[in-house]
Each structure stands twice: as C-alpha cells, then as structure tokens.
Amino acid sequence: MKNIRFFVLCVLTTLLLGGCREYVSYTDYVQVNGVELFYAAEGCGKPVILLHGNGGSHNSLETTTRQLAQAGYLVYAIDSRGQGANKKLDEYHYKDMAEDVYQFIKHKNLVKPAVFGYSDGGIIALQLEVMYPGTLGAIATGGANIFVPGALEQSFLDKLFEDENPSPLKKMLMYEPTMTVEDMQTIQVPSLIMSGEKDIILPEHTRLIGENIPAGEVVILPEEDHGSYIKRSYKVGDLILDFFKRIGYFRRNCRLAYGLAKLLEKLSVLCSLDTLAACSEKLGVALLQNSLLFKLHSEVKTCLSADTGNDSVGT
C-alpha cells in the first residue's frame, strides 16, 4: 500500500511541476558595459534582480535570494562592478553601475524585471529607472539616498570625510549620487522605499524619495538600522513579497508543487487511495490552467468531502 501511495504522489508531483519552468541554481559571469560581472541565479518564475550595498557582494542578500526563489521567483543576485568576485577598479560611479544592470537586463532578455536594491543597490535601481524609464516592472529599495547633503546622519558624514585618502568606493559615497526630486517624479513604476528608524539615511529623506514617486510607498521600520532588517533577515523579503502581491507582480508556483506533494501525503491518510488517485489529475490540470491557490484549495476540499463527508479543509 505504501509503495502504491508513493507512486501516486510521484505522478501528482510530476503533473504539478509540468506547468513550471525549470528551477535553476547556478553562478556565472557576464560581460557588460566593458566589465565582467559575477552573478548567482536561483528559482523560476518572474525575474527579480537583487543589488547589494557598498563593498558587499551577492552573498549579502543570500537570505532574501533564497526566500524569493522559494516563493516562486527567478532571482538574479549580481555582484556590482569592482566588488564581490569581480576585479577591483580604480574609480566608481553609480551611473556606470546602473548602465551595467541595464545591459544585464538586455543580455538576459528580461522584460520589466523587479529590482530590490540595498543601500548602494537601491541607488542603482533608482538611477537605472531615471536613465531608462520603463525598463523595470517594480522597484524596492532599502536604505537608499538620491543625493548626499541633508540625506545622511551627520555623524556618518563626519566620519566619512575624516578619511584623507578614501578608497574609490568610499569616495563615490562622499560625492554621489546626484539625483533630484524631479528625477523621482519621472519614475512611473510601483516603488517600495524603505529604511530603518535608526538608519544612517534620515527618515525624512526616505519619505522625500517615496512621496515624490507617483506610485511610491514609504516604510520606516521601527527600531531597525541600516541593514538589520535585510542582512540574514526574512523581514525585508516578507515586505517585498507583500509588495509584489499588492501590485500584481505575481509569482509562478514552481516551489508550490513540492509543498502540495507534502500536503497530499498528509491528505492520503484521510482520503482513500482511489479518491486520491482520482483527484491527482484534476489537481495537476488546475495548476496548469490557473496557478491561483483557491482553485487547488477547492479541488482538495472536493477530495476530502467525497471521502470523509467533511466540506472544509484548513489553509
């Protein structure tokens, strides 16, 4: 009996996965804008690009990468030029980095991908959409600024300018970016602009950005600093997923198949083997035709009701 049940579950999982693009997990380099960029790709579904902060790498957003990939998105986590696994450079500019990402999007043939950028990554995301309007489908930023004077904590700026021989990356922080409020008003895509209550980016600057983007939203996270809700935290991922849901940036249910297989393994205790087998094809077809969970939920309810007389099932 256990062998037959396992076979049925395998068939069901195959049916469910049949409607999904292949789940990928790999790393590679790509040549864009005169530089070589390292990136990691994971997941399947609608594309999301992740951009790390100053001096970091794609590993800085590892938790968010995994969270979004397992939620049903194809995530590209890029090492910005001269950082992470890339060859170091003598000079850095946000506009160059925005151009890098734009060319990456074109190289990968991505259509209006969403971008989440942390700190410098958020600056790059905003700069890209200012330079190439309509390229992105959604923007989420954490701890980004659009100019320097009046945007950052004065103590952070004082320490930054104390360095008489700043590194190229630090020098960029001192004098860039140089975007304007008027630039933000040209951004027409849904944008989630976040920062921590104790961030080095002043809350009023975060509000200035979000409130001047026509489809902008502002979130100031209580008790959080510049990276506490992002690095090795699920908080920012939860906020991004909720944002995607609100704006209709829907995910494909690639990972959902595995969860459903586990659910049905539990249901097989309640449903007779014959009933489960009869429902399996219907469930698979439901996913192929429409990925909305309520259709699957309805089919599971039918299965339970037919065998146990119970017309409800927990969600």
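Predicted model: local features only at pLDDT ≥ 70, side-chain atom pairs only at ≥ 80, totals over all residues.
Me: How do you know where the buried residues of α2 pack?

Reply: Contact means heavy atoms within 4.5 Å. By that test the buried residues of α2 pack against β2, β3, β4 and α9 (235-247). The buried set in α2 consists of Thr63, Thr64, Thr65, Gln67, Leu68 and Ala69.

Me: What makes the pair of aspartate 100 and arginine 81 a polar contact?

Reply: The cut-off is 3.5 Å between N or O atoms, one able to donate a hydrogen and the other to accept it. The side chains of aspartate 100 and arginine 81 are joined at 2.6 Å, and the pair counts as a polar contact. With neighbours within four places in sequence left aside, aspartate 100 is in contact with Val32, Asn33, Val35, Leu37 and Arg81.

Me: How do you know that the reach of α3 is close to the expected one?

Reply: The expected span is 1.5 Å times one less than the number of residues. Helix α3 has 14 residues, for which 20 Å is expected, and its first and last C-alpha atoms are 20 Å apart. The residue with a positive phi after α3 is asparagine 109, near 55°.

Me: Which residues of α3 are buried, and what do they pack against?

Reply: Tyr94, Met97, Ala98, Glu99, Asp100, Val101, Tyr102, Phe104 and Ile105 are buried in α3. The buried residues of this helix pack against β1, β2, β3, β4, α4 and α6.

Me: What makes a set of residues a nonpolar core, and how many residues has the largest one?

Reply: The members must be buried residues of the nonpolar kinds, joined through side-chain atoms within 4.5 Å. The largest such set has 40 residues, and Ile49, Tyr76, Phe104, Leu126, Met184 and Ile187 have the most contacts inside this core. At least two residues each come from β1 (24-32), β2 (35-43), β3 (46-51), β4 (73-78), α3 (94-107), α4 (120-131) and α6 (168-175). Helix α3 gives the largest share, 7 residues. Apart from this core lies another of 25 residues, among them Phe116, Ala140, Tyr229 and Leu241.

Me: What is phenylalanine 104 in contact with, leaving aside its neighbours within four places in sequence?

Reply: The contacts of phenylalanine 104 are Val30, Val32, Tyr39, Ile49, Tyr76, Ile78 and Leu110.

Me: How do you know that β1 and β2 pair?

Reply: Two strands pair if DSSP finds at least two bridges between them. Strands β1 and β2 share 9 bridges and run antiparallel, with valine 32 opposite valine 35 in β2. Their hairpin has 2 residues between the strands, and asparagine 33 in it takes a positive phi near 50°. Strands β2 and β4 are also antiparallel, joined by 5 bridges; there tyrosine 39 stands opposite isoleucine 78.

Me: In which sense do β5 and β6 pair?

Reply: Strands β5 (residues 114-118) and β6 (residues 138-142) pair in the parallel sense over 5 bridges. Alanine 114 has alanine 138 of β6 as its bridge partner.

Me: Why do β1 and β8 stand at the edges of the sheet?

Reply: The sheet is open, with 8 strands in the order β1-β2-β4-β3-β5-β6-β7-β8 and mixed pairing. Strands β1 and β8 (216-221) each have a single partner strand, so one side of each is without a neighbour in the sheet. Neighbouring strands are turned by 20° against each other on average, direction ignored. Helix α3 packs on the sheet, touching β1, β2, β3 and β4, and its direction makes about 120° with that of β1. Helix α8 (residues 203-212) lies across β7 (191-196) and β8, at about 160° to β8.

Me: What makes threonine 27 partly exposed?

Reply: Partly exposed covers values between the buried limit of 20% and the exposed limit of 50%. Threonine 27 has a relative accessible area of 47%, and is therefore partly exposed. This threonine has its place in strand β1.

Me: What makes β2 mostly covered?

Reply: Of the 9 residues in β2, 7 are buried.

How values were computed
Residues numbered from 1 in each chain as written. Heavy atoms only, no water. Buried < 20%, exposed > 50% of the residue type's maximum accessible area, 1.4 Å probe, protein only. Helix = DSSP H or I, 4+ residues; strand = E, 2+ residues; numbered from the N terminus. Axes fitted to C-alpha atoms, helices over the stretch in contact; angles between N-to-C directions.
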